[in-house]
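Welcome, and thanks for taking a look at this report. Please have the sequence and the 3D view open side by side as you read.

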Amino acid sequence: MNWFPVELHCHTTHSDGTFTPAELVRQAKAFGLAGIALTDHNTAAGWEETLSCAGEQGLCVLPGVEWTTYYGHMLVLRRKDCADWMNLRPDNIDEATAAILADGGTIGAAHPFRPGNPVGTGCCWEFSVRRWENFRYYEVLSGADPTLQAINRKALETWTSLLDRGFRLTPTSGIDWHAPLKDGTTYACTYVGASGGDLTAGDMNAAVAFGRTSLTIGPLLTMTADQGDRRYPVGSVCPKGGYTFSLRLDPQRRATYWNRLGLLPGEWRLVTSGGRILFQSPYRENECEISSALEVRTSWCRAELWGNVRGRESLIALTAPIYFVKES
Amino acid sequence: MLADRTFAGGDTASNTFLPFAVGQGYQSLLFQFSYEPKFLEDEKTAMELLKESLAKYGAWAEDRPDLKACLPLQNLLTLSVFAPDGYLGCAHRQAPRQKHLIGGLSASRGFLPHPVTEGIWKAVINVHCVVTDSCNCRLRICALREGETA
């Protein structure tokens with residue numbers, strides 16, 4: 001599995017971003033990204049221009065739209081038609097997402113606990129979702145200094161409870177990129193896993209749809225579960241049983257963007273249902289891998305790296321889960 | 001077409017559809033969209049609304065946000081456009097005075113280009129948020145032939 005850094009929540013002057021499509025592409029390349037998802041508010045008007053600019057610059061673009069409704073913001077990838085955004089209500093979200101899914105769209109919930117009106121118009125997730133299976137991803141880290149914000153801690157808790165209810169939602173991060181990034185600020189990066197050497201839009205979409213992501217404000221964290229000669233990456237669905245979990249850290253990837261931000265890794269964690277820590281180990285300087293043999297009786301596990309960010313205890317990175325089911 | 005509408009807080013989260021007929025022979029449509037006031041100038045009322053928001057949005061409140069940094073609170077209305085055969089997009093941005101042109105070869109940012117086909121088009125005023133006592137909105141739509149300006 002190869003890991004590619006991407007940003008899945010971007011805006012241009014086709015909505016309220018300050019970047020033209022060409023400028024967004026330049027910013028993304030300058031930030032060391034392999035790809036972006038274009039998610040302007042309620043319009044696909046920027047798709048053609050952004051794809052064209054990105055093609056010239058060697059950046060992968062997954063076109064999408066942020067359905068900026070009155071009751072929450074919903075990210076929809078690969079579906080141009082977004083007219084129904086203005087008709088969405090808390091009580092008809094399930095019908096809408098079923099239609100989008102049937103049409104090939106990949107659906108995510110954006111910054112679910114950001115404040116809504118009048119602070120941030122429609123930003124807070126107020127939909128009464130029963131069919132979370134229509135969604136593929138959940139934005140657990142949003143905005144600047146995301147791991148230091150309570151709105152993201154709440155998003156992480158809620159995502160965890162959805163995992164416990166059996167909904168296999170992929171975790172993502174979103175800068176919600178409207179303007180130039182601020183110096184001295186941490187921003188989460190979503191790494192997407194793909195088997196090829198170059199990233200394609202199809203790879204990005206598949207990674208988001210099938211749980212092959214890892215989020216970080218610093219070094220790349222990955223996890224595998226080994227059983228015999230089989231190695232399972234994140235997103236896999238495996239039989240419950242005994243596994244050797246390996247957590248790995250790559251401190252070199254995109255280091256120039258985060259290594260002066262005061263991040264100090266402190267602890268590796270393997271987390272499971274209810275957010276319980278199944279395994280934890282202090283992080284030793286320059287350590288790049290730890291392993292632990294465990295018997296898994298719960299329905300999912302994910303890896304986390306915790307530490308210190310500017311003097312505060314903070315999450316630094318987390319992976320999507322590996323899922324476990326009873327062997328039939 | 002010229003439409004004037006007045007919205008109040010109770011109109012938040014609503015859409016006002018304005019169908020208009022377009023005849024033959026036009027090259028572009030010009031939309032002049034504006035609303036006022038944009039800002040809630042009364043700081044006392046704004047702070048009360050923000051304190052209500054602290055109670056409503058608990059996770060945000062946990063971080064003890066600087067409420068004054070949220071000022072001024074503002075109204076947000078956006079314009080969406082449907083051609084006879086479908087949705088062309090939306091100009092989702094904060095500016096309270098906007099001018100948009102849609103034609104077959106090009107369109108203002110936020111809108112897909114579309115020939116000015118004969119038929120019933122729709123402009124939609126999307127009321128995302130009204131924080132002032134009232135908000136007056138004006139929409140003027142002109143169909144232009146080749147070489148014409150508004």
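## Ground rules

Contact here means heavy atoms within 4.5 Å. This is a predicted model, in which local features need pLDDT of at least 70, side-chain atom pairs count only at pLDDT 80 or more, and totals for chains, interfaces and linings use all residues. Residues are numbered from 1 along each chain as its sequence is written, chains are lettered from A and ligands numbered from 1 in the order in which they are written, and side-chain values use heavy atoms, with hydrogens and water left out.

## Around A:Thr213

Let's begin with A:Thr213, which is found in strand E9 (residues 213–216) of chain A. Helices (H or I, at least four residues) and strands (E, at least two) are DSSP runs, numbered from the N terminus. A:Thr213 is buried, at a relative accessible area of 0%; buried means under 20%, exposed over 50%, and partly exposed in between, with a 1.4 Å probe and protein chains only. Setting aside neighbours within four places in sequence, its contacts include A:Trp3, A:Thr170, A:Tyr191, A:Val234 and A:Ala320.

## Nonpolar cores

A nonpolar core is a set of buried Ala, Val, Leu, Ile, Met, Phe, Trp, Tyr and Cys residues joined through side-chain atoms within 4.5 Å. The largest one has 96 residues, and among those touching the most other members are A:Trp67, A:Trp132 and A:Phe245. Strand E17 (residues 300–309) of chain A gives the most to this core, with six residues.

A second, separate core holds 28 residues, including B:Ala3, B:Leu29, B:Tyr35 and B:Leu76.

## Cysteines

How many disulfides are there over all chains? The count is zero, where a disulfide is a pair of cysteine sulfur atoms within 2.5 Å. For A:Cys189, the closest cysteine sulfur is in A:Cys10, 11 Å away, so it is too far for a bond. The sulfur of B:Cys90 has its closest cysteine sulfur in A:Cys82, and at 8.5 Å that is too far as well. Both cysteines are buried: A:Cys189 has a relative accessible area of 2%, and B:Cys90 one of 0%.

## Chain B as a whole

Chain B has two helices and eight strands, running β-β-β-α-α-β-β-β-β-β from the N terminus on. Its C-alpha atoms fill a box of roughly 55 × 25 × 25 Å along the principal axes. Of the 150 residues in chain B, 44% are buried. Among contacts in this chain between residues at least 6 apart in sequence, 73% join residues at least 24 apart.
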